[in-house]
Amino acid sequence: MKKTVFEITKMDCPSEENLIRMKLDGIPGIEHLDFDIPNRKLAVFHDGQADQIETLILELNLGGQKLKTEETAQTQFAENSNQKKLLWTVLSINFLFFIIEMTTGLISKSMGLVADSLDMLADSFVYGISLFAVGGTLIRKRRIAKLAGYFQILLAVMGFGEVLRRFFEAEQLPNFTTMIMVSVFALIANGICLYLLQKSKSKEEAHMKASMIFTSNDVIINLGVIVAGFLVNVLNSNKPDLIIGTIVFILVIQGARRILKL
């Protein structure tokens, strides 16, 4: 048995972990994947050479780099029996906040909330792909991933069109209070999801909750919408909301492209 350690600089939340798991699914010789998300490390336990594994990880464009390959005597790996339950939990939380943010975003006329809701939907897709494709063939998983990726891009492009319309036409200012309040709750929800997923893998590392919350792109997006809400009120302009909406739509498209590469 060999252990190959990779540094993956863009692996900052469990969504990237699930993408890597799907990418390496079905590769002969891989016995176990050990993820250390706070330190952006992945240890692959495998037989044979690591060349194919390295190639597949590099294809994801997540900043992957092989650090070392060494012999290991470890052959037994603990399985997490609660993984499916946790996937259902985080999928439900993300999808619930997709509905909440999409609804409140449309009502309050905030493109920042609408865009953030699509980011929540994107995470739901990733967790859903892992959950519903359990036990399925690699072809089935890739078909589901392809459908999810194109759907995300379609929604993001529609969002871009609405941003352009609102930029050039006179529009009512978004409700900054709703933007801030809903984003705070979404921030908490993201923190809970990340904490639950990481707690299941490394119960000994109590600091993981904080490190995951403050290194997650999802949290940065939530904070961006909160800041945009304050600026909408201070500047009496909808431009901050449109700017943060545009940034998030770009991130959603980038996430969709990663899924399509599977």
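In strand β3, Ala43 is the bridge partner of Asp34. Strands here are DSSP runs of E at least two residues long, helices are runs of H or I of at least four, and both are numbered from the N terminus. This is a predicted model, in which local features need pLDDT of at least 70 and side-chain atom pairs count only at pLDDT 80 or more, while totals for chains, interfaces and linings use all residues. Residues are numbered from 1 along each chain as its sequence is written, and side-chain values use heavy atoms, with hydrogens and water left out.

Back to the strands: β3 (residues 41-46) runs antiparallel to β2 (residues 30-36), with 6 bridges joining the two. They form a hairpin with 4 residues between them, and Arg40 in the turn has a positive phi of about 55 degrees. Another 6 bridges join β3 to β1 (residues 2-8), again antiparallel, with Glu7 standing opposite Lys41. Pairing takes at least two DSSP bridges between strands. Since 5 of its 6 residues are buried, β3 is largely enclosed by the rest of the structure; buried means under 20% relative accessible area, exposed over 50%, and partly exposed in between (1.4 Å probe, protein chains only).

Next, the charges. The whole structure holds 5 salt bridges, each a side-chain nitrogen of Lys or Arg within 4 Å of a carboxyl oxygen of Asp or Glu. One of them pairs Glu59 with Lys23 at 3.0 Å, N to O. Glu59 sits in helix α2 (residues 51-59) and Lys23 in helix α1 (residues 14-24), so this contact ties together parts 36 residues apart in sequence. Lys23 is buried at 8% relative accessibility, whereas Glu59 is partly exposed at 40%. In helix α5 (residues 138-168), Glu162 and Arg165 lie 3 residues apart, about one turn of the helix, and their closest N and O atoms are 2.8 Å apart. Arg166 joins these two in a network of salt bridges.

Residues 147-164 are 100% helix, with end C-alpha atoms 26 Å apart, and residues 219-236 are 94% helix, with ends 25 Å apart. Helix α9 (residues 239-260) has 22 residues and reaches 32 Å from first C-alpha to last, close to the 32 Å expected, the expected span being 1.5 Å times one less than the number of residues. Buried residues in α9 include Leu242, Val248 and Phe249.
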